[in-house]
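User: Can you walk me through this model? I'd like quick answers, please.
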Amino acid sequence: MSAPHLLASGGGEEFEAPGLHIFDWGPLFPDGPSWLDWLTKPVLIVALSALVTVLFAWRAFRSPKLVPKGIQNIGEVGYLFVRDQIARPMIGKDGDKWMGFLFATFFFVLFMNLSGVIPVLQLPAPSHIAFAIVLAITVYVIMLFLSVKHQGLVGYFKNMMFPPGLPKPLYLILAPIELLSNIILRPFTHAVRLFANMFAGHLLLAFFSTVAWWFLVEKLTVLGAGVGVVGFLMTIVMTAFEIFVQSLQAFIFTLLAASYIGGALHPDH
Amino acid sequence: MINLLATTLAAEEDSNPLLPDNAELVVGSIAFFIVLFLVGKLFVPKIKQTLEERSNEIEGGLERAAEAQKEAKATLEQYQAKLAEARHEASRMREEAREQGSQIIAEMKEQAQAEARRIIDAAHAQIEADRQQAVSSLRGEIGALSVDLASRVVGESLDDSARQSRVVDRFLEELEGRARSQEQITS
């Protein structure tokens, strides 16, 4: 569905801001066979993002040279960024062991997010919560597994709920809060943070571009033209802002994943 | 119009954005695990290894360079020490040669002087011997001549040899004494 089409679905003479329906994408081939119903635009975007991530890593790292050339340089910058900004500060010395996971996660999320500003795609995949959930649950499972493996089941809960060096009555409050935040809220906030940012960003972009389209093309009036121009300019500004937010969220998502892994490996830090 | 609105509302009710879509969960998982496997397991370890190799290479290179520099420094020091030693040696040898030279000269001088003295002495001795010889032969000749002369003058033969020789000796001594006094005067 294109922007004019979406507006037409509003159908009236009044301007109607884009709502939740802009996230509804039916099958890519509505008239195709029913077994292809799962193939929607967000699914396609995720597949493309995965493909781009793999292609990028393959082109950059398939046969790395001691003296880097071309795309290997870009890959190395990415690798060093993830290593020095995420893996090492969050996990520590053994952070390099997790570089494979963190690098793949960071660039997969980044490309999924950036598809929100790439023409034609123009939908950040994590604005569908399913994708954010998949990522967050994977991290969550890794975290639980590592925690139990490195601290033991009892040790894990003890470290989590009863950190040493606090006055005893405080544990009455602290223990349930820690349990709640670590076991229940953590995967939820991890997923929702990414999802909500992409969701809101997409909604904002859609709103400003709809304003511009409606007031400059559909219902061009002298008074309305000013609003349309503002909407048009804001679309440009918000696109830049979204690129920033999308990159930042990919970074934050990976940073949190690394911090959870680091906490599981070194509970005393 | 009403129909359209109704479908929109229905669609909105159907799609709560906080409820994940099953197909998306499945596709998302598959895509994520493919990415994790290919990128995380296959490609990232390669660049990790390369980066390690590179840092090793650079560290090794730096170490090698430092080592080479150290070696060069040591060699230079060695050469300088050798050079200083050689200079010292040369000056020492010059000094020695000079000393030796002067010594040789002194020796030669001494030798020459000794030789000269020896030659002079020999010459003196020769002269003395010649003189003695001359004197003794003269003495004999003069004696004979004198006796001859005296016998001619006196006309008598001095048979008594003892007397004869006494007379001659006396005469000669007188003669000698005269000659010595003459010599003393001339010298």
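User: Start with chain A. How many helices and strands are there in chain A?
Analyst: Chain A has eight helices and zero strands. Keep in mind that this is a predicted model. Read from the N terminus, the elements go α-α-α-α-α-α-α-α.

User: What does the C-alpha trace of chain A span along its principal axes?
Analyst: About 70 × 55 × 45 Å.

User: And what share of chain A counts as buried?
Analyst: Of its 269 residues, 36% are buried. As for contacts in chain A with a separation of 6 or more, 64% join residues 24 or more positions apart.

User: What pLDDT does chain A average?
Analyst: The average is 89, and 95% of the residues score at least 70.

User: Which elements of chain A have the lowest and the highest mean pLDDT?
Analyst: Helix H1 of chain A, residues 3-10, has the lowest mean, at 46. H4(A) has the highest, at 96. The pLDDT stays below 50 over residues 1-10 of chain A. That stretch still makes 14 contacts in the model beyond near neighbours in sequence.

User: Let's look at H4(A) then. At roughly what angle do the axes of H3(A) and H4(A) cross?
Analyst: Roughly 110°. Helix H3 of chain A covers residues 71-91 and helix H4 of chain A covers residues 99-114, and their axes come within 10 Å.

User: Switching to records. Where does UniProt list "transmembrane region" in chain A?
Analyst: The unreviewed UniProt entry lists residues 43-61, 98-121, 127-148, 169-188, 194-215, 222-241 and 247-265 of chain A.

User: How much of residues 43-61 of chain A is helix in the model?
Analyst: That span is 100% helix and 0% strand, with its end C-alpha atoms 27 Å apart. Residues 194-215 of chain A are likewise 100% helix and 0% strand. There the end C-alpha atoms are 32 Å apart.

User: On to chain B. How many helices and strands are in chain B?
Analyst: Three helices and zero strands. From the N terminus the order is α-α-α. Chain B has 187 residues, and buried ones make up 6%.

User: Where does UniProt put a "transmembrane region" in chain B?
Analyst: At residues 25-44 of chain B, according to the unreviewed entry. In the model, that stretch is 100% helix and 0% strand, and its end C-alpha atoms are 26 Å apart.

User: And where is the "coiled-coil region" of chain B?
Analyst: The unreviewed UniProt entry places it at residues 48-103 of chain B. Those residues are 100% helix and 0% strand in the model, with end C-alpha atoms 81 Å apart.

User: Last topic. How many residues of chain B are in contact with chain A?
Analyst: 35 residues of chain B, and they touch 40 residues of chain A. The chain B elements giving two or more residues to this side are helix H1 (2-14) and helix H2 (22-154).

User: Which element of chain B gives the most?
Analyst: H2(B), with 25 residues.

User: How do the residues on that side of chain B divide?
Analyst: Into 20 nonpolar, six polar and nine charged.

Methods: Residues numbered from 1 in each chain as written. Chains lettered and ligands numbered in written order. Predicted model: local features only at pLDDT ≥ 70, side-chain atom pairs only at ≥ 80, totals over all residues. Contact = placed C-beta atoms within 7 Å. Helix = DSSP H or I, 4+ residues; strand = E, 2+ residues; numbered from the N terminus. Nonpolar A, V, L, I, M, F, W, Y, C, P; charged D, E, K, R; others polar. UniProt positions renumbered as here; feature names shortened; annotations may be inferred. Buried ≥ 20, exposed ≤ 12 C-beta atoms within 10 Å, placed from the backbone. Axes fitted to C-alpha atoms, helices over the stretch in contact; angles between N-to-C directions. pLDDT = per-residue confidence, 0-100.
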